[in-house]
Every structure is written in structure tokens, then in C-alpha cells.
Amino acid sequence: MSTSKKVILIHPRPDRAALPELAEALRRAGAEVQQFFMTDDYSTLLDALEGDVLPVVVKS
């Protein structure tokens, strides 16, 4: 990644990360990565989405 990106991975399943290697690959490419699981507090997700982030829903 040419510039540092902030990415939030949104996992629809509460019990596991879909594509667990994706977060690490993004980090190696220079991205700052947060992960959100649908059992978490939704206010945390909404706060994260207010910033300059790229939201990605990861389906499994």
C-alpha cells in the first residue's frame, strides 16, 4: 500500500474470524487493521466508522 490505510474488518460470525490471514496480510502491506465481531458493542463499530477507515465485511 502506498499510503497507510486504516481498515476495519467486520466479521458477521461472532465465533471466529473469516479469512484470518487477511488481517495479517493487510498489516504486512502497511495497513492499520481493526477487527470487529458482531457480538461486540455496536457503538465501538460506529465510532470506528466515523474516522477515515475502509470498512470491509468479511463473509465466510
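Visitor: Where is the place of leucine 19?

Guide: Leucine 19 sits in the loop between strand 1 and helix 1. Helices (H or I, at least four residues) and strands (E, at least two) are DSSP runs, numbered from the N terminus. This is a predicted model, where local features need pLDDT of at least 70 and side-chain atom pairs pLDDT 80 or more, while totals for chains, interfaces and linings use all residues. Residues are numbered from 1 along each chain as its sequence is written, and side-chain values use heavy atoms, leaving out hydrogens and water.

Visitor: Is leucine 19 buried, partly exposed or exposed?

Guide: Buried means under 20% relative accessible area, exposed over 50%, and partly exposed in between (1.4 Å probe, protein chains only). Leucine 19 has 45%, so it is partly exposed. Look at its backbone too. Phi of leucine 19 is near 50°, a positive value in a residue other than glycine.

Visitor: How many helices and strands are in the chain?

Guide: Two helices and three strands. Starting at the N terminus, their order is β-α-β-α-β. The radius of gyration is 11 Å, close to the 10 Å that the globule rule gives for 60 residues, so the chain is as compact as a globular protein of that length. That radius is taken over C-alpha atoms, and the rule is 2.2 Å times the number of residues to the power 0.38. Along the principal axes, the C-alpha atoms fill a box of roughly 35 × 25 × 10 Å.

Visitor: How many of the contacts with a separation of 6 or more join residues 24 or more positions apart?

Guide: A contact means heavy atoms within 4.5 Å. Residues 24 or more positions apart make up 74% of the contacts in that set.

Visitor: What shows this at a single residue?

Guide: Take histidine 11, in strand 1. Its C-alpha atom is 6.1 Å from that of phenylalanine 36, 25 residues apart along the chain. Leaving aside neighbours within four places in sequence, histidine 11 is in contact with several residues, including Arg16, Gln35, Phe36 and Val58. With 1% relative accessibility, histidine 11 counts as buried.

Visitor: Which residues form the largest nonpolar core?

Guide: First, the general idea. In soluble globular proteins, nonpolar side chains tend to be buried together. A nonpolar core is a set of buried Ala, Val, Leu, Ile, Met, Phe, Trp, Tyr and Cys residues joined through side-chain atoms within 4.5 Å. Here the largest one has eight residues: Val7, Leu9, Ala18, Ala23, Leu26, Ala31, Val33 and Val58. Strand 1 (6-11) and helix 1 (20-28) are the elements that give two or more residues to this core. A second, separate core has five residues, among them Ile8, Ile10, Leu45 and Ala48.

Visitor: Which residues does isoleucine 10 touch?

Guide: Not counting residues up to four places away in sequence, isoleucine 10 touches Phe36, Met38, Leu45, Pro55, Val56, Val57 and Val58. Isoleucine 10 belongs to strand 1. Its relative accessible area is 10%, so it is buried.

Visitor: What about glutamate 32: buried, partly exposed or exposed?

Guide: Glutamate 32 is partly exposed, at 45%. It lies in strand 2 (residues 32-37). Beyond residues up to four places away in sequence, glutamate 32 touches Lys5, Lys6 and Val7. Leucine 46 is 14 residues apart from glutamate 32 along the chain, and their C-alpha atoms are separated by 17 Å.

Visitor: How many positive and negative side chains has the chain?

Guide: Lys and Arg count as positive, Asp and Glu as negative; His and the chain ends are not counted. The chain has 7 positive and 9 negative side chains, and the centres of the two sets lie 8 Å apart. Each charge is placed at NZ of Lys, CZ of Arg, CG of Asp or CD of Glu.
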